[in-house]
Amino acid sequence: MKRNLYALTIITLTWYLLHFFVNPRLIPAPHSAIILMVHEFPLIMHHALLSLYRILVAIFATLLIGVPLGILIAMHPRIDRLLSPIIYALYPVPKIAFLPLLMLFFGLGDLSKIILVGLIIIFQILVSTRDGVKAINQSYFTSMRTLRATKKQVYQHLIIPAIVPNLLTSLRVSIGTSISVLFFAENFATRYGIGYFIMDSWLKLDYTSMFAGIVVISLMGVLLFSSIDLLEKKLCRWQGR
């Protein structure tokens, strides 16, 4: 809580300095953006919730696909040899380059944007899951076999706990990028989403609304990162010991 207040204070003070000393017309005061957010709360929340929905659906879908596939690659060397070169080839490609193709194949609605965000996250999930499983000491598997653990118990008590920290870290890294890309994608063939709201405000020279939208994106990031921190405390309790 203290860290959040400290960050909020620094950002607000910097914003006021920019407002007074750079250009008051282009950089509105923080209180002006907050007042506008209160007055336009239903509209801004509608845009923000649609963006949040797209990100959360993408995260959920990529976890369902990426985690089992990452474990499969790590546990079977032949599959690893087949799929890892494909992952390495596609991972560095800027995913935003696929947006025109996704819009052609999956339409102009939410689905193409969700898939775009999913393409960004899934490679992080795949690589971190695979590496997390490979990093498990083989003696642990031997111990589990000695104790006659079933496959379900091996996954439940060894593999899943081992990959969770890497998985959460990869989500932290990829969420920032996915929000940035979604901001870009929401400016094409849509009238809803916080990215559209910001750029529409900019085109109208409504800089107060534009900065209000930027604040909402920041709050959305804080919400997602705080949720991951909470999950880490619940799922990785041994790390604090």
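Helix H3 bends by about 30° at Leu-63, where the bend at a residue is the angle between axes fitted to the seven residues ending there and the seven starting there. This is a predicted model, in which local features need pLDDT of at least 70 and side-chain atom pairs count only at pLDDT 80 or more, while totals for chains, interfaces and linings use all residues. Residues are numbered from 1 along each chain as its sequence is written, and side-chain values use heavy atoms, with hydrogens and water left out.

The chain as a whole comprises 10 helices and 0 strands, helices (H or I, at least four residues) and strands (E, at least two) being DSSP runs numbered from the N terminus. Its C-alpha atoms fill a box of roughly 70 × 45 × 30 Å along the principal axes.

Despite the bend at Leu-63, the 35 residues of H3 should span 51 Å at 1.5 Å a residue, and the end C-alpha atoms, 49 Å apart, agree with this; the expected span is 1.5 Å times one less than the number of residues. For H8, a straight helix of 35 residues would likewise span 51 Å, but H8 spans only 42 Å between its end C-alpha atoms. H8 bends by about 40° at Ile-160, and Pro-161 follows within four residues.

These two helices also meet. The axes of H3 (residues 41–75) and H8 (residues 151–185) come within 10 Å and cross at roughly 140°, axes being lines fitted to C-alpha atoms, for helices over the stretch in contact, with angles running from 0 to 180 degrees between N-to-C directions. H3 and H8 are therefore oblique to each other, since angles under 35 degrees count as roughly parallel, over 145 as roughly antiparallel, 65 to 115 as roughly perpendicular and the rest as oblique. Among the residues making the contact are Ile-59, Leu-63 and Val-67 of H3 and Ile-160, Ile-163 and Leu-167 of H8, contact meaning heavy atoms within 4.5 Å. By class, this contact has 15 nonpolar, 1 polar and 1 charged residues, where Ala, Val, Leu, Ile, Met, Phe, Trp, Tyr, Cys and Pro count as nonpolar, Asp, Glu, Lys and Arg as charged, and the others, Gly among them, as polar.

Helix H6 (residues 110–134) packs with helix H5 (residues 99–106) at an angle of about 135°, their axes lying 9 Å apart, which makes H5 oblique to H6. The contact is made by Leu-99, Leu-102, Met-103 and Phe-106 of H5 and Leu-111, Ser-112, Ile-115, Leu-116 and Leu-119 of H6, and contains 8 nonpolar, 1 polar and no charged residues. H5 passes H6 in a right-handed crossing.

H6 also meets helix H4 (residues 77–90), the two axes coming within 11 Å and crossing at roughly 140°, so that H4 is oblique to H6. The crossing of H4 and H6 is left-handed, and its contact residues include Asp-80 and Tyr-88 of H4 together with Phe-123, Arg-130 and Lys-134 of H6. By class, the contact of H4 with H6 has 6 nonpolar, 1 polar and 3 charged residues.

Definitions and conventions
A crossing is left-handed if the near helix is turned anticlockwise from the far one by less than a right angle, and right-handed if clockwise.
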